[in-house]
Amino acid sequence: MLRIRTRRLELSDDVIGKLPALKGQRVYWDATLSCFAVRVGRRTKTFCLKFNNTWLTIGSWPSMSYKEAHAEALRLSVFKDRELAEKRRLRNAKRVMKSH
C-alpha cells in the first residue's frame, strides 16, 4: 500500500517564501483550513482548494498574499459546504418521495 505523507503547516507569507522550488509538485496543507493548500512546483507557488477530488486554483504567491488567499478560501469553502449540503438535502428529499 502506498503511504502519502501529509504536510500540514502554519502557513504565512514568510513560510511560503521559504518553501523550496521542486522538480514536480508538492502540496503543503494549511493547518487552520483543512481543504486549503499551497502547491509548490519548479516555478510557481499556487494557492488552491480541494473538494471531492477537484482542485480549485485561487491564485499564485506572491501576487496574492497568504491572508488574501486564506480569506478567499474560507469564503469559497463556506459556499461549497452550503452547495454540498443543498445537494444532500435534495437527494434525501428524492429518496423520501420515491419511498412513499
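Me: How are residues numbered, and which pLDDT do local features need?
Reply: Residues are numbered from 1 along each chain as its sequence is written, and side-chain values use heavy atoms, with hydrogens and water left out. In this predicted model side-chain atom pairs count only at pLDDT 80 or more, totals for chains, interfaces and linings use all residues, and local features need pLDDT of at least 70.

Me: In which order do the elements of the chain run?
Reply: Helices (H or I, at least four residues) and strands (E, at least two) are DSSP runs, numbered from the N terminus. The chain has 2 helices and 5 strands. From the N terminus on, the order is β-α-β-β-β-β-α.

Me: What is the hand of the crossover from β1 to β2?
Reply: β1 and β2 pair in the parallel sense over 2 bridges, and the chain passes from β1 to β2 through helix α1 (residues 13-18). A crossover is right-handed if, with the strands pointing away from the viewer, the path from the first strand over the helix to the second runs clockwise. This β-α-β crossover is right-handed.

Me: How many of the residues of β2 are buried?
Reply: Buried means under 20% relative accessible area, exposed over 50%, and partly exposed in between (1.4 Å probe, protein chains only). Of the 100 residues of the chain, 31% count as buried. β2 is mostly covered, and its buried residues number 4 of 5.

Me: Is I58 buried or exposed?
Reply: I58 has its place in strand β5. Contact means heavy atoms within 4.5 Å, and, leaving out residues up to four places away in sequence, I58 touches several residues, including F36, F47, L49, M64 and L76. The C-alpha atoms of I58 and F47 are separated by 5.4 Å, though the two are 11 residues apart along the chain. The relative accessible area of I58 is 15%, so I58 is buried.

Me: Which side chain is joined to that of H70 by a polar contact of 3.5 Å?
Reply: H70 belongs to helix α2 (residues 66-99) and is buried, with a relative accessible area of 19%. A polar contact is a pair of N or O atoms within 3.5 Å; within protein, one must be able to donate a hydrogen and the other to accept it, and residues adjacent in sequence count only if both atoms are side-chain atoms. Not counting residues up to four places away in sequence, H70 touches T32, L33 and F36, among others. The polar contact of 3.5 Å joins the side chain of H70 to that of D30.

Me: Why are R75 and E72 separated by about one helical turn, and how far apart are their closest N and O atoms?
Reply: R75 and E72 are separated by about one helical turn because they are 3 residues apart in helix α2. A salt bridge is a side-chain nitrogen of Lys or Arg within 4 Å of a carboxyl oxygen of Asp or Glu, and a search of the whole structure finds 1 salt bridge. E72 is partly exposed, with a relative accessible area of 26%. R75 forms a salt bridge with E72, and their closest N and O atoms lie apart by 2.8 Å.

Me: Which residue does a cis peptide bond join to W61?
Reply: The residue lies in the loop between β5 and α2 and is P62. Omega is about 10° for the cis peptide bond that joins W61 and P62.

Me: What is the relative accessible area of K67?
Reply: K67 lies in helix α2. K67 is exposed, and its relative accessible area is 69%.

Conventions. Pairing = 2+ DSSP bridges.
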